[in-house]
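Please read the following report alongside the sequence and the coordinates.

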Amino acid sequence: MNKIDHYREAETRIGALVRGLEDPVAAMASAASVLHELVPAASWTGFYRVVAPRMLRVGPYQGPVGCLEIPFDQGVCGAAARLEQSQVVEDVHSFEGHIACDALARSEVVVPVFDSQHTLVAVLDIDSHEPAAFDDTDRKELERIVELLSPCFDRQSQP
Ligand code: SME
């Protein structure tokens, strides 16, 4: 399987898992598990949630312990949240302000996650121990996949 085949398999599996699921935690946990299995270069796969204005907090993930909170003005995740744009980082050591939860991480892709009203609710972060592991194909495919999660966040503000 090539890179796109892996992502389309992930899209099929995640779509089936989260369809009708009104639970963002379960949706993120399921997506993190599937993506960590199907993205060969992934060393850390998970979500950071928007928990307060301009503050991210770790959500469901796979891999070594991730840092607990990231302000929007820090890190690759903060940049993706602040700009509401995906970040593809070929060399994390050249990204000013990169936060090294894993000292072995060499490259990273971070994709913003929105609810159905296009409100930012989280970011999806995937690290790799390989340099330049991610490119625009990864960005586009991951943006497709996180769209599947949007409805799962829609009721989180309601009891
Ligand atoms: N590298 C991220 C921090 C999260 S850990 O990689 C899981 C960043 O710079 O925002």
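## Strand pairing around Y48

Y48 has V123 as its bridge partner in β6, and V58 as its bridge partner in β2. Strand β1 (residues 42–52) is antiparallel to strand β6 (residues 120–128), with seven bridges between them. Two strands count as paired if DSSP finds at least two bridges between them. Strands (E, at least two residues) and helices (H or I, at least four) are DSSP runs, numbered from the N terminus.

This is a predicted model, in which local features need pLDDT of at least 70 and side-chain atom pairs count only at pLDDT 80 or more, while totals for chains, interfaces and linings use all residues. Residues are numbered from 1 along each chain as its sequence is written, and side-chain values use heavy atoms, with hydrogens and water left out.

## The sheet

Six strands form an open sheet in the order β3-β2-β1-β6-β5-β4, with antiparallel pairing. Its edges are β3 and β4, each of which pairs on one side only. From one strand to the next, the twist averages 25°. Axes are lines fitted to C-alpha atoms, for helices over the stretch in contact, and angles run from 0 to 180 degrees between N-to-C directions.

The hairpin of β1 and β2 has two residues between the strands, and R54 there takes a positive phi near 65°.

## Helices

Helix α2 (residues 24–38) lies across β1, β2 and β6, at about 160° to β1. Helix α4 (residues 136–147) lies across β4, β5 and β6, at about 30° to β5.

In helix α3 (residues 75–83), seven of the nine residues are buried, where buried means under 20% relative accessible area, exposed over 50%, and partly exposed in between (1.4 Å probe, protein chains only). The buried residues are G75, V76, C77, G78, A79, A80 and A81. They pack against β1, β2, β3 (69–71), β4 (87–89), β5 (107–114) and β6, with contact taken as heavy atoms within 4.5 Å. After α3 comes E84, with a positive phi near 55°.

## Cysteines

How many disulfides does a search of the whole structure find? The search finds zero, a disulfide being a pair of cysteine sulfur atoms within 2.5 Å. The sulfur of C67 has its closest cysteine sulfur in C101, at 3.1 Å, which is too far for a bond. For C77, the closest cysteine sulfur is that of C67, at 7.1 Å, also too far for a bond. C77 counts as buried because its relative accessibility is 3%.
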